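Here is a friendly briefing to read alongside the model. Take a look at the structure first, and then we can walk through a few of its strands and residues together.

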Amino acid sequence: MNDYQLFWGDLHNHNAVGYARGSIERTYDIAQEHLDVLAFTPHSQWHDMPEMPNDAHMKWVNGFKVLQDNWPKVQRLAAESNRKGKFVSILAYEWHSSFFGDYCLYYPGDHSPLKYHNHVRDLQNYVKGTEAMIVPHHLAYKQGWRGANWDYLEPSVSPVMEIMSEHGLSEHDRAGFRYIRHSMGGRWTRNTLQAALQRGFRPGVIASSDDHLGYPGAYGEGLAGIWAKELSRAAILDALWNRRTIAVSGDRIRLFATLNDQQMGSEIPFTREREFEISVQGKDEIEKIEILKHNRVVYRYFPEDYVRDDGPWPGRVLSRIEFGWGPWGDLNMTRIAD
């Protein structure tokens, strides 16, 4: 653990370069104020997009054209914003598919092209040749409605899965943060993370916002915690490839675990002697820590049972402030405010 630092990133975010809101410049400004890592992932294509009532599908068609026209700008800002030791930006884009599920593609370098693929196998073969990676997200929608299609998942190019975003949480079908904010249906048990584990997949997990208002790292929409040796693009991508990642839904809870001295994300030979070391730090009291085996909780630890109450907290405390301006329609306001 001493060899690694925990960095926080939003690896799935949108703005007006596409069909969302907020300028791309504003996106980078906000990200650099409170995050370590940003991958702006504009919507790029949807090869099996259905025609929708009232031509609603044209929102996507027009958004894809906006990205095509602005791809050189997307490349330039990703390259200019990447500063070793200060801030990491990753050139990326999102690939939609009703049948195969959605993926975000992450390039290891700058000025890479915007490519188009009509089958996930073609996408996977492409990234194998570029050392890029692709990460599935909003897994738990029904297969055929842009949910994950485990029959086509290729772990060699998808080392991690995005299990939490503003869509909801796909860990299992009764987890918090239900899939209720979009029109693609609720959670399908067969497409949850636990279903993937039952099938033998061994992914790392991340969370990211998938925010469409140009605000990366929006609280409560998901963040990726990344354990890397330094704040550089190469080190961040190495952590993703090796699954040294955590997913948080709100507060930035620091979690690091080893099993028989092997760091999180490792695969080790079978042994009956298993010793965990787990470190957890939160911004508030931690309710419980659970260890699961075969998707079942086998151990619960309640920190309050072991912590003495020595009076008031020393030093400083963190307060959360929430504010707003009421129903947007009534006020006739846009949903972007600094």
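Ser165 sits opposite Gly168 of strand 9. Strands here are DSSP runs (E, at least two residues), numbered from the N terminus. Please keep in mind that this is a predicted model, where local features need pLDDT of at least 70, side-chain atom pairs count only at pLDDT 80 or more, and totals for chains, interfaces and linings use all residues. Residues are numbered from 1 along each chain as its sequence is written, and side-chain values use heavy atoms, with hydrogens and water left out.

**The three-stranded sheet**

- Strand 8 (residues 160-165) and strand 9 run antiparallel and are joined by two bridges; two strands count as paired if DSSP finds at least two bridges between them.
- The open sheet they belong to has three strands in the order 9-8-10, with mixed pairing.
- Its edge strands, each pairing on one side only, are strand 9 (168-169) and strand 10 (204-207).

- Strand 1 runs parallel to strand 2 (residues 37-40), and three bridges join them.
- Asn13 has Phe40 in strand 2 as its bridge partner.

**Around His12**

- Is His12 buried or exposed? His12 is part of strand 1 (residues 5-13), and it counts as buried because its relative accessibility is 0%; buried means under 20% relative accessible area, exposed over 50%, and partly exposed in between (1.4 Å probe, protein chains only).
- The His12 side chain makes polar contacts with the side chains of His14 (3.3 Å) and Glu94 (3.2 Å).
- A polar contact is a pair of N or O atoms within 3.5 Å; within protein, one must be able to donate a hydrogen and the other to accept it, and residues adjacent in sequence count only if both atoms are side-chain atoms.
- Beyond its neighbours within four places in sequence, His12 is in contact (heavy atoms within 4.5 Å) with residues including Ala39, Thr41, Cys104, His137, Glu162 and Asp210.

**A partly exposed leucine**

- Leu255 belongs to strand 13 (residues 254-259).
- With a relative accessible area of 31%, Leu255 is partly exposed.

Key
Helices (H or I, at least four residues) and strands (E, at least two) are DSSP runs, numbered from the N terminus.
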